[in-house]
Amino acid sequence: MRRSRRGTSGLGVDVVARARRTTLRVARVVLGAVAVVTLATGCGSVAANGGTAGESTPTPIHATMPTDPSGITPESTITDFIAGVNAHDMVRAEGLVAPKHVSAILDRPDGWFTNTVNITGLSLGAPVAKDGHGTAADGYAQVLYVPARFTLAEQKSGGTSTSRVSWGFLLARQSMVARWIIVDEGPA
């Protein structure tokens, strides 16, 4: 005697299998639509131009770019870098910086690893999409500027000096799934 493949719900196996296939098709269509929107918007790599020729209006990245599929935010790159500086871990910090910018960070006599005691009270502003042409970010697919404020304790001759600093980080990456790296930074 053959047993029925029907469960207690009364639905046949074929009906359940068809429902699963339909769900997968819908998910594929939604992912495809997200990809089309991402390509059509240019991934937020260039700021909107609302002014006259040659004039760029900063555009908050959250307004021009879909959710980042990499899961790695520009803010986490900066906080990880600052954590590396605070730990005096050059290898960790160097991994978050563009190769061309590493020497600027490591070779300066007043650099992050030469006289920084620690950085506290880090506050980051909203990332703003930038055009990287003519900057240290030239050639990258996506470029952001992130303003920052923090308290910097530095080793000075005769002791330690503490000051509140307005700073900025220029970050870039080549694709939506790549980690953001710091390509330049300095006083705001």
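## A walk through the predicted model

Begin with a cartoon view of this predicted model and follow the chain from the N terminus, where the elements run α-β-α-α-α-α-β-β-β-β-β. In total there are five helices and six strands. If you then colour the chain by accessibility, 31% of its 188 residues count as buried. Taking contacts between residues at least 6 apart in sequence, 58% of them join residues that are at least 24 apart.

**The nonpolar cores.** Next, select Phe 81, Trp 112, Ile 119, Phe 150, Trp 167, Phe 169 and Leu 171, which, of the 24 residues in the largest nonpolar core, touch the most other members. At least two residues of this core come from each of α3 (74-86), α5 (99-106), β4 (142-156) and β5 (159-173), and β4 gives the most, with five residues. Apart from this core lies another, of seven residues, which include Ala 98, Val 143, Ile 181 and Val 183.

Now centre the view on Ile 119. Once its neighbours within four places in sequence are set aside, Ile 119 is in contact with Ile 82, Val 85, Asn 86, Trp 112, Phe 150, Thr 151 and Leu 152.

**Thr 116.** Move along to Thr 116, which is found in strand β2 (residues 116-124). Is Thr 116 buried or exposed? Its relative accessible area is 6%, and because buried means under 20%, Thr 116 counts as buried. Not counting residues up to four places away in sequence, Thr 116 touches Val 85, His 88, Gly 111, Leu 152 and Ala 153.

**The cavity.** Rolling a probe the size of a water molecule over the atoms shows where empty space is left. How many cavities of 30 Å³ or more does a search of the whole structure find? The search finds one, and the space in this largest cavity is about 40 Å³.

To display the lining of the largest cavity, select Phe 81, Met 90, Ala 93, Glu 94, Val 97, Val 102, Ile 105, Leu 106 and Phe 113. The elements that give two or more residues to this lining are α4 (90-94) and α5. Coloured by residue class, the lining divides into eight nonpolar residues, no polar ones and one charged residue.

How values were computed: Residues numbered from 1 in each chain as written. Predicted model: local features only at pLDDT ≥ 70, side-chain atom pairs only at ≥ 80, totals over all residues. Heavy atoms only, no water. Helix = DSSP H or I, 4+ residues; strand = E, 2+ residues; numbered from the N terminus. Buried < 20%, exposed > 50% of the residue type's maximum accessible area, 1.4 Å probe, protein only. Contact = heavy atoms within 4.5 Å. Core = buried A, V, L, I, M, F, W, Y, C linked by side-chain atoms within 4.5 Å. 1 Å grid on protein atoms, 1.4 Å probe; cavity = no way out; pocket = protein on both sides within 12 Å on 5 of 7 lines; lining within 4 Å. Points joined across faces, edges and corners; volume = space filled by probe spheres on them. Nonpolar A, V, L, I, M, F, W, Y, C, P; charged D, E, K, R; others polar.
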